[in-house]
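Work through the exercises below with the model open. Each task is followed by a stepwise solution.

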Amino acid sequence: MSTGSTGFVAGMKCWIPAAAATECFELVEVLREEVSGSVVVVSPTRGQVKLPATDVSMANPALVADNCSLLHLSDATLLHNTRERFFSNDVYTYTGAIITSINPCTPLPALYSLERMQARGAQSQ
């Protein structure tokens with residue numbers, strides 16, 4: 001039985017595995033961390049849920065261009081950062097020297113301006 005705190009505090013935003021098959025993770029708010037090591041969260045779809053701390057991932061305060069800059073690193077935060085950047089038409093996300101691209105299947109003329117391409121080239125060096 002765990003007796004130490006894992007850093008979850010009331011009001012903190014976190015990710016948990018989603019109940020719906022259409023999503024992988026669900027953004028929730030922490031209610032409390034229990035002495036047993038469980039975390040009680042409020043889910044917009046399920047109400048109060050009690051989970052082992054190992055199933056709860058802290059959310060990041062902001063999106064970043066390089067996944068290595070994420071404060072909290074997990075499957076949920078990597079997916080969220082890449083997905084939200086895609087939805088804002090920023091289809092390239094770095095992870096150190098590796099670049100991930102998600103094809104938007106639509107033209108993005110501003111993405112390939114000379115200035116943007118030069119900036120990306122300088123960033124990768």
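**Exercise 1.** In this predicted model, find which residues make the nonpolar surface patch of about 330 Å².

Solution.
- The patch is made by Tyr112, Leu114 and Met117.
- Take Leu114 next. This residue is found in helix 2, residues 114–123.
- Is Leu114 buried or exposed? The cut-off for exposed is over 50% relative accessible area. Leu114 has 53% relative accessibility, so it counts as exposed.

**Exercise 2.** Work out the strand order of the open five-stranded sheet, and name its edge strands.

Solution.
- The order reads 4-3-2-1-5, and the pairing is antiparallel.
- Edge strands pair on one side only: they are strand 4 (47–52) and strand 5 (57–58).
- Now look at strand 1 (residues 13–17) and strand 2 (residues 25–33). They run antiparallel, joined by five bridges.
- Pick out Pro17. Its bridge partner in strand 2 is Phe25.

**Exercise 3.** Describe helix 1: its span, its buried residues and what they pack against.

Solution.
- Start with length. Helix 1 covers residues 75–87, which is 13 residues.
- From first C-alpha to last, helix 1 reaches 18 Å, close to the 18 Å expected at 1.5 Å a residue.
- Next, burial. Ala76, Thr77, Asn81, Thr82 and Arg85 are the buried residues of helix 1.
- An α-helix has 3.6 residues a turn, so residues three or four places apart point the same way.
- Then the packing. The buried residues of helix 1 pack against strand 1, strand 2, strand 5 and strand 6 (92–95).
- Finish just after helix 1. There, Asn89 takes a positive phi of about 65 degrees.

Methods:
Residues numbered from 1 in each chain as written. Predicted model: local features only at pLDDT ≥ 70, side-chain atom pairs only at ≥ 80, totals over all residues. Heavy atoms only, no water. Pairing = 2+ DSSP bridges. Helix = DSSP H or I, 4+ residues; strand = E, 2+ residues; numbered from the N terminus. Expected span 1.5 Å × (residues − 1). Buried < 20%, exposed > 50% of the residue type's maximum accessible area, 1.4 Å probe, protein only. Contact = heavy atoms within 4.5 Å. Patch = residues over 30% accessible without salt bridge, like charges linked within 9 Å, V, L, I, M, F, W, Y side chains within 5 Å. Areas by Shrake-Rupley, 256 points an atom, 1.4 Å probe, with all protein chains shown as cover. Salt bridge = Lys/Arg side-chain N within 4 Å of Asp/Glu carboxyl O.
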